[in-house]
Amino acid sequence: MKIVTLMENEVSSLKRLYGDIYFQDIQLIDKFFVKGALDRFTRILTEEEAEELLTNKYQNKLDEINYINCFHKIFELCGKQQVYVHCADMFHSSLTSYKRTLSMEEYRYILLLKQVIKGEFIRTDDSRVLEFLFRLSLDTSSFSNFFFPSISTVIIGNYDMSLPVFCKDNQTITRLENIAHTSGLYIRR
C-alpha cells in the first residue's frame, strides 16, 4: 500500500492548481472549470423517478461495477500517475460507524487505512486504495474527492451515485464523456 499524507506545501500546490479545493465556491467553479456529473442517468430525475430508481440497493450494486470500470479507465488515462485524495470523512469519522455498514473485510481494510492515513489529504498511485475509497463514496459510507493533476480534473464524492466532475478544459471532459459512455455511464453537462 503506497499512501503518502500530504504536507502543507503540497496542499498549497493543490490550492494553486484548483483554487477552491473544497469545491464550495460556485462562482470560482464556474469561472475556472467545465462542469459535469458522472451519472447512470442522462438527465436529472423527477422526484417520483428518484424515489423509485435511487432506492434500489440491488440496482446500485449492479451499477457500481460500471462506475469502478470508469474510474479505472480514468486512472489509466492519467498514466496511473499519483492521484490526490481529500478523504476528510474517513479521517474524521469513528470506526463504529464503519463497523455497522461495511463487511468484515472492508472494515479491516478501513482499520488499516486509518493507521496509515495521517491527514485529510493523501496521494497514491495504488489502484486498490483508490478503488476502495471510490467505492466508499459510491455507497455513501465516506465521501472523498479525487484530484487527477495530469488531466486537471476532480471527481467529487456525492449522493445517489451522481458525482460532480470538474475539468480545466472542454477537451478533457469530452474524453471523460467517452470513457463514461464505454462504461455504461454518462457525464451530464
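Guide: Helices (H or I, at least four residues) and strands (E, at least two) are DSSP runs, numbered from the N terminus. This is a predicted model, where local features need pLDDT of at least 70, side-chain atom pairs count only at pLDDT 80 or more, and totals for chains, interfaces and linings use all residues. Numbering starts from 1 along each chain as its sequence is written, and side-chain values use heavy atoms, leaving out hydrogens and water.

Our loop joins β5 to β6 (153–156), and Ser-152 lies in it. Ser-152 is not a glycine, yet its phi is positive, near 45°. Most residues other than glycine have a negative phi. With 19% relative accessibility, Ser-152 counts as buried (under 20%; exposed is over 50%, partly exposed in between, with a 1.4 Å probe and protein chains only).

Because its relative accessibility is 36%, Thr-140 counts as partly exposed.

Helix α8 (residues 127–138) packs with helix α7 (residues 104–116) at an angle of about 115°, and their axes are 12 Å apart. The two helices are therefore roughly perpendicular to each other (65 to 115 degrees). On the α7 side, Glu-106, Tyr-109, Ile-110 and Leu-113 take part, and they meet Arg-128, Val-129, Phe-132, Leu-133 and Leu-136 of α8; contact means heavy atoms within 4.5 Å.

Now for Lys-2, which sits in the segment before β1 (3–5). Although 122 residues separate Lys-2 from Thr-124 in sequence, their C-alpha atoms are 5.9 Å apart. Beyond its neighbours within four places in sequence, Lys-2 is in contact with Arg-123, Thr-124, Asp-125 and Asp-126. With Asp-125, the side chains form a polar contact at 3.4 Å (N or O atoms within 3.5 Å, one able to donate a hydrogen and the other to accept it; residues adjacent in sequence count only if both atoms are side-chain atoms).

Let's finish with Asp-39, in strand β2 (residues 34–39). Asp-39 counts as buried, since its relative accessibility is 5%. Its side chain makes a polar contact with that of Arg-188, at 2.3 Å. Setting aside residues up to four places away in sequence, Asp-39 touches Tyr-67, Met-161, Ser-162, Leu-185, Tyr-186 and Arg-188.

Conventions
Axes fitted to C-alpha atoms, helices over the stretch in contact; angles between N-to-C directions. Parallel < 35°, antiparallel > 145°, perpendicular 65-115°, else oblique.
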